[in-house]
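Okay, thanks for coming, everyone. Let me put the model up and walk you through a few spots in it.

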Amino acid sequence: MLLGARAVQGASAALLAPAALALLTQLFPASTDRAKALGIWGAVAGIGSAAGVLLGGALTASFGWQAVFFVNVPVGLLVLVAIPMLINRDPATPPSRLDFPGAITITGALVAAVGALSRIEQVGFAHPLTLGLAAAALGLGAAFIAVEPRSAEPLVPLGVFRNRNLSAGNLVMLLFGAAMVALFFALSVHLQAVLHYDALTAGLSQLPLAGALVLVAGIAPALVGRLGVKRTLIGSLLVLAAGLLWLAAVPSEAVFAVHMLGPSLVIGVGLGGAFITATAAAGRRPEPVEGHASGVRRADRRRLGCAARQAVPAPALISFGTHTG
């Protein structure tokens, strides 16, 4: 039941995320306004991260792990009530057909890739299951690339990747998303399994990181306007890498305020700047492909994020559930 419900939740998120970001980018066509809107969007996302890690721990400690799933119900109902009041109907357009060959091949490729990456930790890289899943991922990915140009209405028009900003932005978001999700998961494991924090304390300890992320996400558009996308993105990624290296050097018997607060703040600064800047870089594209590009970017982050979570052996650390969900 849990797996089935999560599959439905994931399918819904796959529809929601590209539409939400595409809506934002089309509502603000001017580059200056779009940068500000993306900054607000990123800041709100950071606030959601902060609320998730805090409320995840509080709900788990107070009501049990099931609460992290039930809490989504009133939030979803609120969104359903608000959408008709905030968003107008789309103009009528000719009906389109779903690209079934493209959908089947790319979905199979992503599932096989996640399966291969997660099996490495369990059975090893050279195991036939791992190699078979990796081969299936490559084969299905090649099939997707082959069928898309032949589709009348392709799932992902491959021509969008000729845009250098889009390609570079998606590559950054792919690696950045993998690092971000793996970071939060491994950090939650360390706090609870090694430092023996309870769920609430583990959630509270991640607030400095989330707070720094929110702050920098709010000022990132101004930095982009002054320094440009390239310089801001490179600087943010360097700060993020420095914070991750600092955190990796933390001893197993670390005291949070002494050993982990500093790298958490540095990581938050790097995450906030990189997230907004990479999104802005990938957002510089023609309007007809907004939804396609948004979907690709979100899929990149989710794909390696899922693999990163599954590759780390850990008990059921539900305090992290509201964030990863």
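So, Phe28 sits in the loop between α1 and α2 (31-63); helices here are DSSP runs of H or I, at least four residues, numbered from the N terminus. Quick caveats: this is a predicted model, where local features need pLDDT of at least 70, side-chain atom pairs count only at pLDDT 80 or more, and totals for chains, interfaces and linings use all residues. Residues are numbered from 1 along each chain as its sequence is written, and side-chain values use heavy atoms, with hydrogens and water left out.

Back to Phe28: buried or exposed, or in between? Its relative accessible area is 34%, so Phe28 counts as partly exposed (buried is under 20%, exposed over 50%, partly exposed in between, with a 1.4 Å probe and protein chains only).

Now over to α9, residues 207-227, which holds Gly225. Gly225 has a relative accessible area of 68%, so that one is exposed.

How does α9 pack against α10? The angle with α10 (residues 229-248) is about 125 degrees, and the axes are 7 Å apart; axes are lines fitted to C-alpha atoms over the stretch in contact, and angles run from 0 to 180 degrees between N-to-C directions. Leu223, Val224 and Leu227 of α9 meet Val229, Arg231 and Thr232 of α10, with contact being heavy atoms within 4.5 Å.

Note on methods. Helices (H or I, at least four residues) and strands (E, at least two) are DSSP runs, numbered from the N terminus.
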